[in-house]
Amino acid sequence: MKTRTYLLLMLVAIIVPVAGLSTLGLSMLLQSERESRLRAIEEMANSASLQIDSEIGRAEAALRIVANSREIGTDDFAALYRLLSATRTSPLSWTLVADYSGSGIINTLVPYGTPLARNTGRWAADIYDAQVPRVGGYFIGASSKRGVVSVNVPVPAAAGKKYVVTQIFDPAYFNKVFQRHVLDPDWIIGVFDAKGISIARSRGAAQFVGKPVRPGLYEASRRQPSGMVANITREGVQVYTVFVRSSLTSWTVAIGVPVDEIESAARLTTWYAAAALLAILGGAVSIAVFFGRRIDRALQGATSAAHALADGTVIEVVPSGLQEADGLSHVLHRTGLALARERAARAALEEERERLLDMERSARQRAEAQDHAKDNFISMLSHELRNPLAAITNALAAIRMPAMPAPHRDKAWDIASRQLAHLTHMVGDLLDVRRVLSGKVTLQTARVNLGELVKFCCDSKMVANAKDHEWSVGVVQAHVVGDANRLTQVVDNILANAIKYTPAGGSITVRMWCDDAMAVIEVADTGVGIAPDVLPTIFDSLVQGPTTIDRSQGGLGLGLSIARGLVHMHGGTIAADSEGPGEGSTFTVRLPREPQDAGPPV
């Protein structure tokens with residue numbers, strides 16, 4: 001393994017236990033944060049429970065005063081009604097006095113003298129017989145016809161009156177307790193009685209008050225006076241519910257907080273701690289990796305120097321800061337330099353020997369190629385000369401015949417004249433290509449309108465060829481400095497080549513335009529095209545073979561070679577392009593022109 005790997009393994013051996021302990025610590029922190037939030041909610045539930053107990057305690061104290069009042073002892077219920085009505089502070093609370101049978105005597109909810117419910121049950125008898133105040137659960141009031149709760153105080157037996165004084169509360173009365181606590185809109189605070197019936201609720205009171213709470217919450221509140229359960233509210237929300245049961249009323253105050261809210265707050269704190277821990281561990285890993293890389297680079301430098309020495313190369317020594325590795329690298333570097341100088345000397349001698357051998361092989365190949373090219377050219381020239389000579393010989397023989405009719409004799413003279421002109425043209429091409437290749441041609445330069453020259457050449461060819469091919473000519477006025485006769489020869493040779501290798505019915509397109517400082521002539525045809533292996537040598541004069549267009553179509557194939565030489569003498573370029581056999585060909589000539597010399601089409 002590499003040194004850096006050992007260092008990283010050491011780091012991992014240190015970090016893994018730390019990470020494990022950190023994970024345990026973060027888990028404990030998460031639990032602690034969750035419990036802290038739940039304790040805060042429990043304190044809020046305790047506060048609400050104490051406030052309800054305070055309300056109930058005040059009501060019970062007031063009822064004790066009424067139970068021991070003179071009006072009760074003298075059955076002066078009219079005066080008692082006036083007193084209780086005058087001291088009534090909320091429309092959500094009223095006072096009832098009932099006899100031993102549960103029949104109502106007075107009720108401050110309705111006017112005095114209003115008939116009240118009779119014989120409503122044993123509840124009054126049970127409270128009077130026990131002589132202990134009792135806080136009732138949720139029930140439907142006989143007079144109010146709505147759900148209520150009550151605080152019941154018996155009249156002392158010593159008074160000789162078997163009455164029970166009751167303070168009745170509408171559940172909405174306890175909403176003021178909820179309003180004293182700033183609760184999140186998603187929280188639910190509620191109160192339910194000893195039987196698990198909802199008395200009051202901060203949300204959905206109209207829907208859920210008077211109905212049983214969730215069984216799990218009720219059972220938990222019966223098992224212990226306070227605690228926390230995870231349950232689903234009657235709205236279908238998963239919550240943590242913290243509850244506190246009052247020993248005074250046996251009512252239970254419960255606050256439900258969505259699980260996501262508790263968990264997200266706890267997780268946020270834990271994530272902050274985890275991020276800080278990761279940053280510390282990341283810093284430690286980065287430092288270890290940094291120093292590990294420095295050591296690794298130092299050793300790699302020494303290793304590279306050793307490999308270079310073995311491979312016969314020399315590399316520059318890059319200081320790494322590690323003294324031992326740098327010293328070894330310098331020694332290997334000096335050794336490599338000495339060996340490199342020795343190898344360079346041997347290589348120079350070997351290179352000189354190879355160079356001389358290459359020169360000898362190249363000279364031999366050029367000589368062989370020239371001999372082969374000359375042989376091919378002489379063979380082709382002999383073939384091309386034999387045909388017109390044979391035709392001339394036959395024509396002369398026909399002319400010498402004494403009985404030859406005059407029309408046949410004239411035709412023979414035409415054949416002889418045409419073939420003689422063909423021979424003259426071939427000899428002229430041979431002389432021209434020799435003079436061009438040897439640089440013996442002298443240009444008679446002048447200012448030449450190239451557009452008019454190209455148009456003149458095209459018109460001359462079209463006169464004799466209009467029926468065989470479709471012509472398209474477009475030129476512009478542009479002046480060049482050159483030999484008009486030689487430029488005419490260039491254009492004629494290219495046009496003759498296009499005519500020669502384009503079958504009847506094909507098209508020939510001639511275009512001319514100005515490109516920056518150059519005048520461009522393009523001749524495109526739809527003829528037989530040029531094979532890819534012939535295209536690179538199409539302008540050569542002696543390199544001809546049976547696959548070239550010149551050989552297959554007859555002629556010496558010197559026209560393009562002459563054209564290239566003349567174009568080069570004018571400082572221009574000529575190029576040929578073709579997609580292959582049967583795809584036509586395009587010849588492009590570029591000649592330097594006089595500045596700002598482009599004109600309208602001619």
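**Aromatic rings and their surroundings**

Colleague: What is the relative accessible area of Tyr100?
Modeller: Tyr100 is partly exposed, a class between buried (under 20% relative accessible area) and exposed (over 50%), using a 1.4 Å probe and protein chains only. This is a predicted model, where local features need pLDDT of at least 70, side-chain atom pairs count only at pLDDT 80 or more, and totals for chains, interfaces and linings use all residues. Residues are numbered from 1 along each chain as its sequence is written, and side-chain values use heavy atoms, without hydrogens and water. The relative accessible area of Tyr100 is 30%.

Colleague: How many aromatic pairs does the structure hold?
Modeller: Rings of Phe, Tyr and Trp (its six-membered ring) pair if their centres lie within 6.5 Å; planes under 30 degrees apart count as stacked, over 60 as edge-to-face and the rest as tilted. The number of aromatic pairs in the structure is eight.

Colleague: What kind of pair do Tyr100 and Tyr128 form?
Modeller: Their ring centres are 5.9 Å apart. The planes are at 85°, so the pair is edge-to-face.

Colleague: What is the relative accessibility of Tyr128?
Modeller: Tyr128 counts as buried. Its relative accessibility is 9%.

Colleague: What kind of pair do Phe174 and Trp251 form?
Modeller: Phe174 and Trp251 are both buried. Their ring centres lie 5.6 Å apart. The planes are at 90°, so this pair is edge-to-face.

Colleague: Which residues form one aromatic cluster with Phe174 and Trp251?
Modeller: The cluster includes Phe174 and Trp251.
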